[in-house]
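Please look over the sequence and the structure shown below before reading on.

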Amino acid sequence: MTLNHLSPRLAVAACKQDDRETKLRPFQDWRIHVNPDISNVIPVLSKGLSDKDRIILRCDATTLAEVVRKGVYAAVDVLTAFIKAAIAAQDTTNCLTEICFEDAFERARELDEYMEKTGQVVGPLHGVPVSIKDHIKVKGLDTSTGYTAWAYNTVAEEDALVVKILRDAGAVIYVKTQNPQTLLSLETNNNIFGRTCNPFNRSLTAGGSSGGESALIACGGSPLGVGTDIGGSIRVPAGHCGLYGLKGSVARLPHSGLLGSHAGMEAIIGCVGPMATSARDLALFCSVMLEAEPWLQEPPLLEMPWKGHVARGHGLPERLSVAILYDDGVVKPHPPILQALDKYKEALESAGHDVVMWEPLDHQNGWDLIVKLYLLDGGAEYRETIQAGGEREVPQSKWMLDHARSRRPYTPHEIFRLSVEREAFRANALAHWNATKSRTATGRPVDAILCPVAPTLAPPHDSTSWWGYTSHWNLLDLPAVVFPVGQHTTSMWVQADPSRSRNSVEDFITRQWSPNTYDNAPISLQLVGRRHNEERLLAILGVIEKLVPPAHSVPFLGSFSHGVNGHHKVTEG
């Protein structure tokens, strides 16, 4: 490729894309070619797969670990199937950044040889492929993180702690996935690799900032992915692509070894977390992480071992009290989301659980505050890094940075005051939660809040304009899990509420609603729990999913059925 005529920015992008293509070239037989006019690529993803591949791709990570341990499939068999699906995902959604297939096959062969010699697995994820978001360091791979200035200058010398624990547990690392420029975006687009699309409707976003993960997993190209979340960056892409995603509380899961702007900023802290095709895989990931005692290697972490019995429902009251948030007082969600909340409300009440309405508390003020915490320096470091690479701000970066473009950086004194304001906001919200005991039939505060992930299903590219349904819980540092509940089709015509908009953002989002726009988009909801109560949160989700079985829209998963113990069973055919 001749690059002399290109600007430095374009030359870097061309080189990175060429490098990726070079690593895919040995696998040409597994490539797929889809007409750009085809919107929903899910039906074409199985092209070229063997029957064995299809059976393997029906497995969630928990099942994969089990069938490899029992010798049903070798680690190489499992990796082969997921690499085929990952290549198809890349060819249709542009979700991958760094590729290490050859190293992954070498590791899979080592794992198979170890098991053949010893009859044992090296750990609970023996032979399970795991995908990694780009800004999480993987030894020997670039960590460009969506910035052209960082491309080729940030090859990781060591694994992030989360990656090290995964490897020690037997996981096979084989790809890194797209994230947006700056990371501070709920869509995935950058000037190195371009835009990642939603496989259910490529005119819609896959979400961000873990949008490469969501597109890959939704295509069946990964059973388990690692994302990060500081404002919805695990939950929104999981929701937009019909997946499960968990954002824990800060200091619960390992977070060291990440690359991004504002390193050392503690006004608002992001979290590493899992994205998967089943709720139990979220618990599996957390269990693996915390059994490794990461607090002995990462000082900020709390010494809180995973309580598996709690995640499985031990000690959960027979009658739950669940609050439902229909509207945060800023932007009313689109009709399919409100219909989904109604469905779950009815199911909970029919099963005898207590349901109350959650009264929204200062969501607009919460957004105004968290944006200040995101951009303490007025966005200067983001802009400087973008300018250092000779690149432009992509639309969602510009949208976010415009929130602070007209102001100077905050002074130390002002930052101290913002921290005080944040803690006061959290204290007020905690009191608000505790006060729900006066409205519940159980006489105790609500156990969880059921709410939207966003006011829309996956929206058209460059149109995300309200983070409040996810960022609010980051501000409060509460754990939240997203789960799939259905899929929208154009035949599901619903007229939007004609009530008057309360603000310009709500007016824009209300006018976005059209059933045709969101054709095939997954529908998801979010469950929020008490701080550092991730196990209890997953247990409550387990109760809810027994009332309303999961709605899988991800390919290959249609043959899952639920056993009496809540585990998936794989059926052929």
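What volume does the second largest cavity have? In this model, which is predicted, the second largest cavity has a volume of about 70 Å³.

## The second largest cavity

The residues that line the second largest cavity are G239, H240, I337, V453, A454, T456, L457, A458, P522, I523 and S524. Sorted by class, this lining of the second largest cavity holds seven nonpolar and four polar residues, and no charged residue is found in it.

Two elements, α8 and β15 (522-528), each contribute at least two residues to the lining of the second largest cavity. Of the elements, β15 gives the most to that lining, with three residues.

## The largest cavity

The count of cavities of 30 Å³ or more comes to four, and the largest cavity holds about 110 Å³ of space. The largest cavity is lined by 13 residues, of which A454, P455, T456, T464 and W466 are the closest to its centre. Two or more residues of the lining of the largest cavity come from each of α8 (235-240) and α17 (504-512).

By class, seven residues in the lining of the largest cavity are nonpolar and six are polar, while charged residues are absent from it. A454 and T456, which are among the residues closest to the centre of the largest cavity, also belong to the lining of the second largest cavity.

## A buried helix

Is helix α16 (residues 468-476) largely enclosed by the rest of the structure or largely open? Nine of the nine residues of α16 are buried, and the helix is therefore largely enclosed by the rest of the structure. The buried residues of α16 are G468, Y469, T470, S471, H472, W473, N474, L475 and L476. Just after α16 comes D477, which takes a positive phi of about 60°.

## A strand hairpin

Strand β7 (residues 201-205) has four of its five residues buried, so this strand too is largely enclosed by the rest of the structure. Strand β6 (residues 197-198) pairs with β7 in the antiparallel sense, over two bridges, and the bridge partner of C197 in β7 is T205. Together β6 and β7 form a hairpin, with two residues between the strands.

Definitions and conventions. Residues numbered from 1 in each chain as written. Predicted model: local features only at pLDDT ≥ 70, side-chain atom pairs only at ≥ 80, totals over all residues. Heavy atoms only, no water. 1 Å grid on protein atoms, 1.4 Å probe; cavity = no way out; pocket = protein on both sides within 12 Å on 5 of 7 lines; lining within 4 Å. Points joined across faces, edges and corners; volume = space filled by probe spheres on them. Nonpolar A, V, L, I, M, F, W, Y, C, P; charged D, E, K, R; others polar. Buried < 20%, exposed > 50% of the residue type's maximum accessible area, 1.4 Å probe, protein only. Pairing = 2+ DSSP bridges.
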